[in-house]
There are 4 protein chains.
Amino acid sequence: MTEPKGRKGRETKRRLLKAAAREFANNGFHETKVSTIVKNSGLTQPSFYLYFSSKDAVFEELVTSFQSKIIKLSESVRLEGGIESNDIAKRIVMIIESVFQFLVQDPDLTRIGLFLSPNAKQIRNELTQIVKSNLEAEQRLGYFRYNLDMEIVAECIIGVIEHYTATHLLSGSKEPHILAQQIVDLFINGMLPKGDSIKTT
Amino acid sequence: MTEPKGRKGRETKRRLLKAAAREFANNGFHETKVSTIVKNSGLTQPSFYLYFSSKDAVFEELVTSFQSKIIKLSESVRLEGGIESNDIAKRIVMIIESVFQFLVQDPDLTRIGLFLSPNAKQIRNELTQIVKSNLEAEQRLGYFRYNLDMEIVAECIIGVIEHYTATHLLSGSKEPHILAQQIVDLFINGMLPKGDSIKTT
Amino acid sequence: MTEPKGRKGRETKRRLLKAAAREFANNGFHETKVSTIVKNSGLTQPSFYLYFSSKDAVFEELVTSFQSKIIKLSESVRLEGGIESNDIAKRIVMIIESVFQFLVQDPDLTRIGLFLSPNAKQIRNELTQIVKSNLEAEQRLGYFRYNLDMEIVAECIIGVIEHYTATHLLSGSKEPHILAQQIVDLFINGMLPKGDSIKTT
Amino acid sequence: MTEPKGRKGRETKRRLLKAAAREFANNGFHETKVSTIVKNSGLTQPSFYLYFSSKDAVFEELVTSFQSKIIKLSESVRLEGGIESNDIAKRIVMIIESVFQFLVQDPDLTRIGLFLSPNAKQIRNELTQIVKSNLEAEQRLGYFRYNLDMEIVAECIIGVIEHYTATHLLSGSKEPHILAQQIVDLFINGMLPKGDSIKTT
DNA sequence: GATGAATGAGACTTCATTCAT
DNA sequence: CATGAATGAAGTCTCATTCAT
């Protein structure tokens, strides 16, 4: 609750956060018991309340941490946009890969921020908007079909990212880089054999 | 716990299931209390245990119900596949639309079966496999690029379906038919202007 | 929390209220444990919460009960005023005695309502106002010195009542009737030998 | 726990006592937390235990302090009694006023010693005895009605003092001197118009 | 088929107090 | 003289579940 002042306190708090993240990610908010968290941190229950005002508070702190990290990520992505390579596909691959890299880096936190948090919806929304505005800029430059609604595209990409994160990424059964390439190939080139095109309306 | 024999019993059980579904869908498993379910059904707690052996049991029953319905759906989809028109895009649109229609039909049940259930992962897997095998059949017929890994495509489609279901479908803010068209257009034709093609590896 | 519906429930609630009153009266709010209350009622803790939403709630219910009883008392006192005997002193004795009788009737409740409740101050205030307005009426009829501030008198009487209630009445070491007589004698006739009078300002 | 030796130590202890008194007076014993006391003293919890062996100990120390001060007061009152004027009413006014003055001087301590302490009853008893023996002496000198039980009178006076202390004195809404005059007037002269006298038994 | 009443088990949280520095 | 960190003990409350009618 009061921020720890010495090295030992900071260390203890980190341990608690880590243990909490693991429990939340594995068992969800309600199945996670404070007693388990402290046991896994080698502490007793009152110590927990030395660092967090409640069980909700740790959860919140983890969510906030995820949120602020993801904001940093999206900013850095935007920056790289400036040095933009002339190969549009490669650029998108890189972006998606870096998103995957970020998400896979701390799987517990990702599961909490992206799937467990009540804010999750809002976080996804923000991500969608970022992707959308990026895509629209590129669409205006002629890289993409002019008649494509980039909102839809953005939603689809986010959906795919969510899905893969939940199913293959956090479990480590797919490589971020390869995955990004395959997804982008699909979205960029579509499913038809080369040269074909179909009207769907 | 034993199946109700009389008409009144069946009716009561249905009321309980409905109330339970609403609570689970809105608040999740743990936030849902048996006391609330029975209150909303105009019953008392012991009555609840006349029809279900536990809170877990109702939840399970709802999940199972969703699961069996979705199996029926996928079978009917496969059947229609046999009689189908030669326009591949339209066919896919129809399939996806019918999935959306199914999911939107009972939003509470969908949220439970698709997002809340611990089986959700497995259910999604099954769906993915069905989609994949369908797509592969069509790929062999030359409808799709031969070098496309249909596992990837299937996963992406499922991801998109999940995402839209969670964000726009259950809330009623998008029409299943239009949505299906837009998604399929993207997947079929890709994002590039007509005629272009890009190597992503 | 929900009012008991059957005879057994009402009986149980009464038992809880009684046990609670005894504990509160003897040990104060904080030293009183719900666990003790239920033990003394032959129940388990959850049963307590079947009848009261919290520990605060029982306390409040007891205070309210005291408060409403005292209001009834003061009304009945006012009524008796109508049949007013022509002996003013006797009338006052009777009133004070009936107050003592009331307070001594349920000592636990009295201790709670008069000394432990955060409302106690307010309750005393109300009592003071009632006494004061009664006295003023009698003052206007010429029974009392015209230059006496009846607010002061009322406060003194209430103070004395409180004091005796706390020290001798609830412990049973003084008889209400005799006590009332002695107090009234003092207030009415003062301390001086007959005929004397002293200026105090 | 051991008495502080240095100047700084004594100063710190005084700060703790003061903070403790304020908390106890405002919130009662149980609502008062050691953590709050030390916070308001700009100290940490272990420091508290450097000066007091427990929470009970500080409280006790405050009560004892009040008690010893009140003993000094009653002694000084007795002394002044010896040198006193022959105007009995004025003398009593002065005594009561000096009691009020004393009580109002440190309101926190008064609230603790007179109302919060478990010893309060005993303290009041002692006070009552002192007042009683004083009054009896004066009664023997013929100042007061011979048939008046001075125990009763003493109890009443103490009751009134308590009441006014709790309601108007500590809050500052009445002046000690004026209050004392009005009370004494009532007790000395009674409520009847001059010359009247009533039998109450 | 239904209900009023009761409970076992366990979760979160608080607080006075101490350890080690 | 003082502090950052830690803990034992205990209390309030909740909830799924069952008993007895």
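The following legends accompany close-up views of a predicted model.

**View 1. Relation of chain D to chain C.** Two copies of a chain are related by a rotation about an axis and a shift along it. Chain D is superposed on chain C by a turn of 179 degrees with a shift of 0.0 Å along the axis, at an RMSD of 0.2 Å. This is the relation of a two-fold axis. Among the residues of chain D, Gly190(D) comes closest to the rotation axis, its C-alpha lying at 1.8 Å. Of the interface residues of chain D, 98% are also interface residues in chain C, so the copies meet through the same surface.

**View 2. Relation of chain B to chain A.** Chain B can be laid on chain A by a rotation of 179 degrees and 0.0 Å of shift along the axis, with an RMSD of 0.2 Å. The C-alpha of chain B nearest this axis belongs to Gly190(B), at 1.7 Å. Because 98% of the interface residues of chain B are also interface residues in chain A, these copies meet through the same surface.

**View 3. Chain pairs without contact.** Chain A and chain D are not joined by any contact, and their closest C-alpha atoms are 13 Å apart. Chain B and chain D likewise do not touch. Between chain B and chain D the nearest C-alpha atoms are separated by 33 Å.

View 4. UniProt, in an unreviewed entry, lists residues 10-70 of chain A as "domain: HTH tetR-type". This span is 85% helix and 0% strand, and its end C-alpha atoms lie 23 Å apart. The annotation "DNA-binding region", also from an unreviewed UniProt entry, covers residues 33-52 of chain A. Over residues 33-52 the chain is 70% helix and 0% strand, with 14 Å between the end C-alpha atoms.

**View 5. Surroundings of Glu162(D).** Glu162(D) belongs to helix α8 of chain D, which comprises residues 150-169. Its relative accessibility is 8%, and Glu162(D) therefore counts as buried. Neighbours within four places in sequence aside, Glu162(D) is in contact with Phe115(D) and Arg124(D) of its own chain and with His163(C) of chain C.

View 6. A pair of aromatic rings is described by the distance of the centres and the angle of the planes. Over all chains, a search of the whole structure finds 26 aromatic pairs. One of these is the tilted pair of Phe48(A) and Phe52(A), with 5.4 Å from centre to centre and 45 degrees between the planes. Both Phe48(A) and Phe52(A) are buried. In chain D, the ring centres of Phe66(D) and Phe102(D) are 5.8 Å apart and the planes stand at 40 degrees, so this pair is tilted. Phe66(D) lies in helix α4 (residues 55-82) and Phe102(D) in helix α5 (residues 88-105) of chain D, so the pair ties together parts that are 36 residues apart in sequence. Phe66(D) and Phe102(D) are both buried.

**View 7. Phenylalanine cluster and lysine–ring arrangements.** In chain A, ring pairs link Phe24(A), Phe29(A) and Phe59(A) into a cluster. In chain C, Lys55(C) lies over the face of Phe29(C), 4.5 Å from the ring centre. In chain D, the charged end of Lys55(D) sits over the ring of Phe29(D), at 4.4 Å from its centre.

Notes:
Residues numbered from 1 in each chain as written. Chains lettered and ligands numbered in written order. Predicted model: local features only at pLDDT ≥ 70, side-chain atom pairs only at ≥ 80, totals over all residues. Heavy atoms only, no water. Contact = heavy atoms within 4.5 Å. Least-squares fit on C-alpha atoms with pLDDT ≥ 70 in both. UniProt positions renumbered as here; feature names shortened; annotations may be inferred. Helix = DSSP H or I, 4+ residues; strand = E, 2+ residues; numbered from the N terminus. Buried < 20%, exposed > 50% of the residue type's maximum accessible area, 1.4 Å probe, protein only. Phe/Tyr/Trp six-rings, centres within 6.5 Å; stacked < 30°, edge-to-face > 60°. Lys NZ or Arg CZ within 6 Å of the ring centre and 35° of its normal.
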